[in-house]
Amino acid sequence: MASKLGIVVPCYNEQEVLRETIKQLTAIIEKMVAKGMISSDSKMFYIDDGSKDKTWNIIDECSKSNKYVCGVKLAHNSGHQNALIAGLSVGVDYCDALISIDADLQDDIDVIEEMVDKFNHGIEIVYGVRDSRTTDTFFKKTTALTFYKLMNSLGAKTVYNHADYRLMSKRAVKHLLEFNERNLFIRGIVPLIGYETGTVYYARKARMAGESKYPLRKMLSFAIDGITSFSIRPIRLIYVVGIIMLITTLAVALYVLISHFCGQTVQGWTSLMLSLWFIGSLILISLGVIGEYIGKIYIEVKNRPRFIIEKSIIDNNEKDYQ
């Protein structure tokens, strides 16, 4: 029996691209159904992450004419990672495997067949990996490379040039949902599941329309979340820097005492001011790093829900959540 495939698509203000996204993904599903690769009961789950435009209206409209289209409307904007988890938590009850992909379709949907083929041959997690970054600016390419290298050096098992375009089996998704942290970094969590993995390579396309939902501010926030979610090494680094500064201070104190007893002391206003600024900056940076971790603890211990589903449309049946 052919497997039921689900495609999870987080959406935030995607009215410019959504109809074309639905059209292209529907064509891919119909093609695989015709080949017998997947079941005709396969679905697409479009997750409206608190959009302020007509995104939900389009999802609602398309669900009435397209049997593959399902919708999940979140009560407010919860963020891309939480929207993705919401879609996976709904889709896992209906499908044998789930593929996550962004609504702008910059990730090449033509490799979905290859993903499904690997799944049908027993691979439980299939990563979509970019084979190059020719479409990126020098700044984005350099910062991305730095980020992946930093994450791996801090102990996270990230896959270079892989974002959130992947296929996961039903049981892999269920294990992913067991990770309850609020500070989500899914691409770092998935490798921890440990099932057999595969890779497909593709060239990333330009966005069809609209603007990127990941400006520099959100990219920096995402990078900080990723680092602080998976490593305590920055705190340990502060400790090491503190020890080095203590040794340096002792050496400077010895020098000052020798200079004093030898009568070689001079006015040291400049060096004093530089030292104060340096130490002050070091203290503030250290407090900032520690504060980032304390903030994460604060968020986790409150144990607030990661998302709230307002309504869903599955198999053309609308359900309101109380």
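Strand 1 of this predicted model is mostly covered, with 7 of its 7 residues buried.

**Strand 1 and its partners**

Which sense do strand 1 and strand 2 pair in, parallel or antiparallel? Strand 1 (residues 5-11) pairs with strand 2 in the parallel sense, over 6 bridges. Strand 1 is also joined to strand 4 by 4 bridges, and those two run parallel as well. Move along to Val 8, and the bridge partner in strand 2 is Phe 45.

**Strand 2, covered on both sides**

Now for strand 2 itself. Because 6 of the 6 residues of strand 2 (residues 43-48) are buried, the rest of the structure largely encloses this strand. The cover is there on both faces: Lys 43, Phe 45 and Ile 47 sit on one side, Met 44, Tyr 46 and Asp 48 on the other, and all are buried.

Strand 2 also has a link to strand 3 (residues 69-74): the two run parallel and are joined by 5 bridges. Within that pairing, Tyr 46 has Gly 71 of strand 3 as its bridge partner.

| Strands | Sense | Bridges |
|---|---|---|
| Strand 1 and strand 2 | parallel | 6 bridges |
| Strand 2 and strand 3 | parallel | 5 bridges |
| Strand 1 and strand 4 | parallel | 4 bridges |

**How the chain gets from strand to strand**

Strand 1, helix 1 (residues 18-34) and strand 2 make up a right-handed β-α-β unit. From strand 2 the chain then crosses through helix 2 (residues 55-65) to strand 3, and this β-α-β crossover is right-handed too.

On the way from strand 1 to helix 1, stop at the loop between them, where Asn 13 lies. Asn 13 has a positive phi of about 55°, although it isn't a glycine. Leu 105 is another non-glycine residue with a positive phi of about 55°. You'll find Leu 105 in the loop between strand 4 (97-100) and helix 4 (112-120). Is Leu 105 buried or exposed? Its relative accessible area is 5%, so Leu 105 counts as buried.

**Helix 3**

Helix 3 (residues 80-91) has 12 residues and reaches 16 Å from its first C-alpha to its last, close to the 16 Å expected at 1.5 Å a residue. How many of the 12 residues of helix 3 are buried? The count is 11, so helix 3 is largely enclosed by the rest of the structure. Among the buried residues are His 80, Gln 81, Leu 84, Ile 85 and Val 90.

Asp 164 belongs to strand 6 (residues 162-169) and is buried, with a relative accessible area of 6%.

Glu 318 and Gly 71 are 247 residues apart in sequence and 8.9 Å apart in space, C-alpha to C-alpha. Glu 318 has its place in strand 9 (residues 317-320). With a relative accessible area of 46%, Glu 318 is partly exposed.

**Out on the surface**

Which residues form a nonpolar patch on the surface? They are Phe 278, Ile 279, Ile 283 and Leu 287, and together they have about 380 Å² of accessible area. One of them, Ile 283, sits in helix 10 (residues 269-302). Ile 283 counts as partly exposed, because its relative accessibility is 48%, and the cut-off for exposed is over 50%.

Notes
Residues numbered from 1 in each chain as written. Predicted model: local features only at pLDDT ≥ 70, side-chain atom pairs only at ≥ 80, totals over all residues. Heavy atoms only, no water. Buried < 20%, exposed > 50% of the residue type's maximum accessible area, 1.4 Å probe, protein only. Pairing = 2+ DSSP bridges. Right-handed = clockwise from strand over helix to strand, strands pointing away. Expected span 1.5 Å × (residues − 1). Patch = residues over 30% accessible without salt bridge, like charges linked within 9 Å, V, L, I, M, F, W, Y side chains within 5 Å. Areas by Shrake-Rupley, 256 points an atom, 1.4 Å probe, with all protein chains shown as cover. Salt bridge = Lys/Arg side-chain N within 4 Å of Asp/Glu carboxyl O.
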